[in-house]
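Here is a set of exercises to work through with the model open beside you. Try each task before you read its solution.

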Amino acid sequence: MPDIGTIMVSFARAPVTAVLGPTNTGKTHLAVERMCGHSSGMMGFPLRLLAREVYDRVVAIKGEKLVALVTGEEKIIPPGARYFLCTAESMPISGSREAGAKEDFAFVALDEAQLGADPERGHIFTDRLLRARGREETMILGSASISRIVKALIPDVDIISRPRFSTLSYAGAKKLSRLPRRSAIVAFSAEEVYAVAEMLRRFRGGAAVVMGALSPRTRNAQVQMFLNGDVDYLVATDAIGMGLNLDVAHVAFASLRKFDGRRSRRLTVSEMAQIAGRAGRHHKDGTFGSLGHEDGDAAFTPEEIEAIEAHRFPPVDHLFWRNGTPHTDRLDHLLSDLEQKPERPELRAAPEAVDLAVLRRLADDPTVIERARGKRQVERLWAACGLPDFQKLGADHHARLVSRIWRFLSEGSGHIPRDWFAQQVARLDSVQGDIDILSGRIAAARTWSYIAHRADWLTHPGEMAERTRALEEKLSDALHTALTQRFVDRRTSVLLRDIGQNASNLPVTVEVDGSVCVDGEMIGRLDGFRFSVDPATRHQDRKMLLAAAERRLGKVLRVKADELIAATDADFALLDDAGQAPGIAWGETPVAVLMAGTTLLTPEIRLDRALLALGQDVQKQVIARLSAWFDGQKQKHLLPLVKMNESAADPQVPAVVRAVFAQLGDAGGVLARTDLDSALGHLDKEQRHLLRKAGIDIGVLDIYHPGLLKPGAARWRSALLAARIGKPCLPLPGPGLTLIPAGERPAQMGARIAGFRGFGDQMLRIDMAERMARTAHETIAKNEAFTALSPQIVSLGLSEDAFLQLMRAAGFRPVDVPPPPPVEEGAEAPAPVAAANWAFKGRQKARTDRPQAQRGRGGKPGSGKAQRSDGQRSSTTGGSASPAPVNNAFAGLADLLGRNG
């Protein structure tokens, strides 16, 4: 081991020192001691958990008044703070998003610098490696694999190698039931972590769980169980490889494959060593191995074992880089600088990170282009794009949230509205749900914690930061309780057939077309909120894949529900396709059906079965949003019907008029005149005027409100009538049509609801039928003929048979026109004289006493009146007229609605 005195001399003469070596070499401990020996200092770490752990250590040395913690979603900065413990992204250096805080430190250190080779976050670590400097001393900590590239990038660096304090050796593959105590089992997905923990609960009494997504409070509570001996096993993701110090004797790998954000791949030897090195802290030797069999997915090759034990790894040949000091005077300059290529051969352009992907999307928004003018606005836009995607939902979804935040920041006072922010936080304030739901809420809460710690984004940042902190602590405690109940106290019902080949650790993705894939293999589809399984995957070997997919989809469904709740009215539509139950769609996704309610205008909105997987609180929010949209549709399309119902309940309206309003409203605002003859007979002239004043047309054939014949109103009336009786929707005539063929019975029934009346093999819209009846009266009053060849009838396209039925139904009867007098031979024929060919005899009343009419036709006593009526009818029509034809569509409607007429 190098002499410590020699190391100290090296620190004194070198501006930058790189302390490189494997795990358990005391690099972080050394850096903390060096920092505490300076008047001020800053250290950057890869994880919030690690920054918090070192923060607690430095507080114990220097006192909390001198120590600051700076992470994206947690900031503790006392006024006189001189020692800053930060995540790498939050280090306050020039050009960073945290610039403006204290930037001049005597000592600066960067931990885990080899992460500069990470495609996702590498450019952050590379930037800090190149630019983060202390006045008196700078220290770079990391793996020996980066020594060559560090020397190339920083020629005057002094590289110091640190040997491992203890021996790390391979212990072979072990079954879960034979793992030694104080073991950590490492998995690479939440599903596999859960599966292993459940098996350990069954065989060994339980396990603590540590994952990168846990809050520090939950993580510390779980680790404390392990340190206290409450459990002898720890199940973790690869987050433990990033410097978290645990008293672990053996590390077992449940798998050697992980999903790196793009594909499922085998771990590199360096990654294996980073995780395995958590075993054997300080001078205690440690071991590593696989879980399962020597030939399983978690089996090491001889070459890998030798490299890990000897700490010999391939050198890193490049680091990822992105311009850390882009120009922010203009948006195009910012984008250009962020796309800049590195000039050094040791550096490669970083893949597009989420913040840049979001910026590109917003840069195409006209509103952003208009507002992002000037250095301050561009800097605020770039800061907003830096909001981390804690929920890992992808750039498109994240860009929508950032866009909303940016709009607040770029208008008015430049602050996010307090009420809006408080509502977002309040929506997460629930401890109900399983582990995945609570973990999802914590991830969402981290978003609002991050925002609350941006002092210039809120008018009361301190208050909101305290709210988000309290929320995260509350959720963290609930998650710790849930983890403990599930993996320590609760009997598991899931047994893994072969833990070494457990498929539940594979990544689950939802493609743009809705395909649900597990490690690239499609197992089903997600259509809206409904997951349907591919029949080819429903066999014994795929059950674990399906269970993993269904568990993962819970977070996706919750995100979709939040988007639905926040959607605009334009995103919703009525589902009224012929033959289908009436319902409501969000975009192209059916989300609810309409069922019978207390009245026609108050149907029950019943969520689609796929949404029942959501929590009760979310379901209530969805129903409330759909109800609000439905109320708006009533005001837009059914306002006359709404007013009819209001008038029917208004005590200021005469009772007889209310009765008419009630019947008409119950029928959807359109009703045959015969159905209301009795009620209309009780109205005087003034009371009829009240109906007309309400916009109701009292026609000779039908009573209706013209506004309810519009296409939108017709669709809603048809859907509500179908919902009331629990029947499918009927086909409706196309918008703007006034005359249609009669068609089949369902088409006739739908047309009748839409406001059409049948005449023979044609159906005419009722307002046009009434207009033709008035035209007939006007023509007869002029003593002129009115025939199927009259211009008004021809323009409509009404056939002669339909015309005759219309005239008879409206109360007209044909009359004989006298022939012109004979013309003597040689005399000039007189001009033809126009004469009316119809006489109005009154509309035929509804027959309410059919047996009596039948007796009248039979000639029995007491039937003379009926006989005279028939006789009069025969003489009037000359024996050629037949009874008014049955309106087949209306008869079908009667069957449909269960009422006569």
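Buried means under 20% relative accessible area, exposed means over 50%, and partly exposed is anything in between (1.4 Å probe, protein chains only). We're working with a predicted model, where local features need pLDDT of at least 70 and side-chain atom pairs count only at pLDDT 80 or more, while totals for chains, interfaces and linings use all residues. Residues are numbered from 1 along each chain as its sequence is written, and side-chain values use heavy atoms, with hydrogens and water left out.

**Exercise 1. The chain as a whole**

Task: find how many helices and strands the protein chain has, and what share of its residues is buried.

Solution: 
- Start with secondary structure, where helices (H or I, at least four residues) and strands (E, at least two) are DSSP runs numbered from the N terminus. The protein chain has 31 helices and 34 strands.
- Next, burial: 51% of the 901 residues count as buried.
- Finally, contacts, meaning heavy atoms within 4.5 Å. Take those with a separation of 6 or more: 68% of them link residues 24 or more positions apart.

**Exercise 2. Inside the cores**

Task: work out which residues have the most contacts inside the largest nonpolar core.

Solution: 
- A nonpolar core is a set of buried Ala, Val, Leu, Ile, Met, Phe, Trp, Tyr and Cys residues joined through side-chain atoms within 4.5 Å.
- The largest one has 70 residues, and Ile185, Leu359, Leu381, Ile416 and Phe421 have the most contacts inside it.
- Zoom in on Leu359. Leaving out residues up to four places away in sequence, Leu359 touches Leu331, Leu334, Leu335, Leu338, Leu381, Trp382 and Cys385.
- Apart from this core lies another, of 57 residues, with Phe661, Leu691, Ala713 and Ala723 among them.

**Exercise 3. Checking helix 16**

Task: find out what span helix 16 should have, and how far apart its end C-alpha atoms are.

Solution: 
- The expected span of a helix is 1.5 Å times one less than its number of residues.
- Helix 16 (residues 435-452) has 18 residues, so it should span 26 Å; the end C-alpha atoms are 25 Å apart, which agrees.
- Now look around it: 15 of the 18 residues are buried, so helix 16 is largely enclosed by the rest of the structure.

**Exercise 4. Salt bridges**

Task: find how many salt bridges the structure holds, then look at a few of them.

Solution: 
- A salt bridge is a side-chain nitrogen of Lys or Arg within 4 Å of a carboxyl oxygen of Asp or Glu. The structure holds 48 of them.
- Asp127 and Arg128 pair up at 2.6 Å, N to O, and both are buried.
- Arg312 bridges to Glu306, with the closest N and O atoms 3.2 Å apart. Glu306 is partly exposed, at 48% relative accessibility.
- Arg469 and Glu466 have their closest N and O atoms 2.2 Å apart. They sit three residues apart in helix 17 (residues 461-489), so about one helical turn separates them. Both partners are partly exposed: Arg469 has a relative accessible area of 36% and Glu466 is at 40%.
- There's also a network: salt bridges with shared partners join Arg48, Arg52, Asp56, Glu73, Glu74, Arg446 and Glu472.

**Exercise 5. The surroundings of Ile240**

Task: find where Ile240 is and which residues it touches.

Solution: 
- Ile240 is in the loop between strand 12 (233-236) and strand 13 (250-253).
- Its relative accessible area is 1%, so Ile240 is buried.
- Not counting residues up to four places away in sequence, Ile240 touches Ala184, Val186, Val210, Leu246 and Arg278.
- Leu49 is 191 residues from Ile240 along the chain, but their C-alpha atoms are separated by 9.8 Å.
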